[in-house]
Amino acid sequence: MSIAKNTAIVKLLAHEAGFDLIGITIPEVPESHLNKYYSWLDQGFAAKMGYMHRNIDLRTNPQKLFEGVKSILVLALSYYPEKHPDIPYNISKYAYGRDYHKLIKSRGKTLQKQLKIKFPNLKSRVFVDSAPVMERSLAVQSGLGWIGKNSCLINREKGSFVFLASLFLNIELEPDSAYEKSYCGNCTKCIDACPTSAITEAGVDSSRCISYHTIETSEKIPAEILKNMDNQLFGCDICQDVCPWNQKLTAHTEADFLPGKHLELLNEDALKNMSEETFRDHFAGTPFLRTGKAKLLQSMAQLSD
Ligand code: B12
Ligand code: SF4
Ligand code: SF4
């Protein structure tokens, strides 16, 4: 079969597996993106996420992560919801429902199975978030959108409330053209709205980002950040909420991303009286599990002080 035909089949199967956006790129990270990454690290913008300094070789060289990779299928799934659930805290939209890694991994596996039927010699691997893969960079390379001033990948139809994933494949496919344009123009809404001035020309400074302080570290939220926070318990969507490209989006239809039962017990009283075991049972399969009860209670106490 021709490369063009194979490409069409792969894209069709990826759509059928339930992904909203699909692009293809070659397994190379452009130098301009690498330089962005290095300068981000050099400025200390990874804060205490030590893992961002590790496995640089794998991160910057997809061949080393998956030997024999010839094409990368970049996949995106919208999680834009209808409204914020009625709960006592502000939480990021991505935490309303079940942990997105699970749904995306399972869709990725379904896709792998379907592809294997069409291409018996296929070898492939799905990556979502946790592996040393430069997902936003790959998304730009595969034509899905541009990197906004808030650092997010923005697609003209789906906006930026999309998760990214990639499927590394050992077959040759026709790459899409990289996204060369930015549609941010003179807009600076995200920079102006960020309550902690975390958005810089060199990217987001994690040590100032509310998302980092409420999700990625068990340390207390520094007073200087806390004083600018508006009841944000878990993550931050401000720089995306204000973005003009996110104003007329259609809500997702994923049952997994609808507000879940776990939100009913996301309050100080309930958590205080909950054993670790009950916490793990109740928050199993949600993004709150990894953050843990102690950090959530600590943030709740800080927010109410
Ligand atoms: C570390 C990390 C964080 C850190 C640092 C964020 C940051 N901006 O770098 C913290 C904890 C703060 C964070 C927060 C959030 N994160 Co996060 N995070 C990551 C992770 C694991 C790595 C990102 C990274 O490498 N950062 C370093 C910077 C330098 O790289 P980069 O942002 O990817 O940008 C690269 C390219 O875009 C390119 N590039 C950037 N700008 C430009 C401009 C031009 C002109 C060019 C040519 C290239 C270019 O170069 C960069 C280096 O390659 C990725 C998953 C992954 N494996 O990639 C998820 C990821 C970026 N996060 C994601 C999400 C959803 C979030 C939050 C929205 C969660 C929340 N609501 O709280 C916030 C958003 C904050 C923000 N404005 O960025 C999604 C983003 C989806 C999207 N549409 O962009 C990802 C892709 C996870 C996923 N699989 O879906 N995150
Ligand atoms: S996620 Fe919040 S704190 Fe982080 S850069 Fe965006 S607006 Fe600023
Ligand atoms: S708010 Fe404006 S500057 Fe920021 S990402 Fe959106 S369009 Fe770009």
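Modeller: Start with Gly159. Not counting residues up to four places away in sequence, Gly159 touches Tyr80, Ile154, Trp245, Asn246 and Leu249. This is a predicted model: local features need pLDDT of at least 70, side-chain atom pairs count only at pLDDT 80 or more, and totals for chains, interfaces and linings use all residues. Residues are numbered from 1 along each chain as its sequence is written, while chains are lettered from A and ligands numbered from 1 in the order in which they are written.

Colleague: What makes Tyr80 count as a residue that Gly159 touches?

Modeller: Two residues are in contact if their C-beta atoms, placed from the backbone, lie within 7 Å. Tyr80 and Gly159 meet that cut-off.

Colleague: Why is Gly159 called buried?

Modeller: Buried needs 20 or more other C-beta atoms within 10 Å of the residue's own; exposed is 12 or fewer, and partly exposed lies in between. Gly159 has 23 C-beta neighbours inside 10 Å, so Gly159 counts as buried. Its place is in the loop between β6 (153-154) and β7.

Colleague: What makes a set of residues a nonpolar core?

Modeller: Its members are buried Ala, Val, Leu, Ile, Met, Phe, Trp, Tyr and Cys residues, joined through C-beta atoms within 7 Å. The largest one here has 72 residues, and Ala14 and Phe163 are among those with the most contacts inside it. β7 gives the largest share of this core, seven residues.

Colleague: How do you know that β1 and β2 pair?

Modeller: Pairing takes at least two DSSP bridges between the strands. Five bridges join β1 to β2 (residues 71-78), and the strands run antiparallel. The partner of Ile22 in β2 is Leu75.

Colleague: Why is β1 called mostly covered?

Modeller: Five of its five residues are buried. Leu21, Gly23 and Thr25 cover one side, Ile22 and Ile24 the other.

Colleague: What puts Cys194 around ligand 2?

Modeller: A residue is near a molecule or strand if its C-beta atom, placed from the backbone, lies within 6 Å of it. Cys194 is in that shell, as are Cys209, Cys236 and Cys239.

Colleague: How does the shell around ligand 2 divide by class?

Modeller: Nonpolar means Ala, Val, Leu, Ile, Met, Phe, Trp, Tyr, Cys and Pro; charged means Asp, Glu, Lys and Arg; the others, Gly among them, are polar. On that basis the shell has nine nonpolar, three polar and no charged residues.

Methods:
Helices (H or I, at least four residues) and strands (E, at least two) are DSSP runs, numbered from the N terminus.
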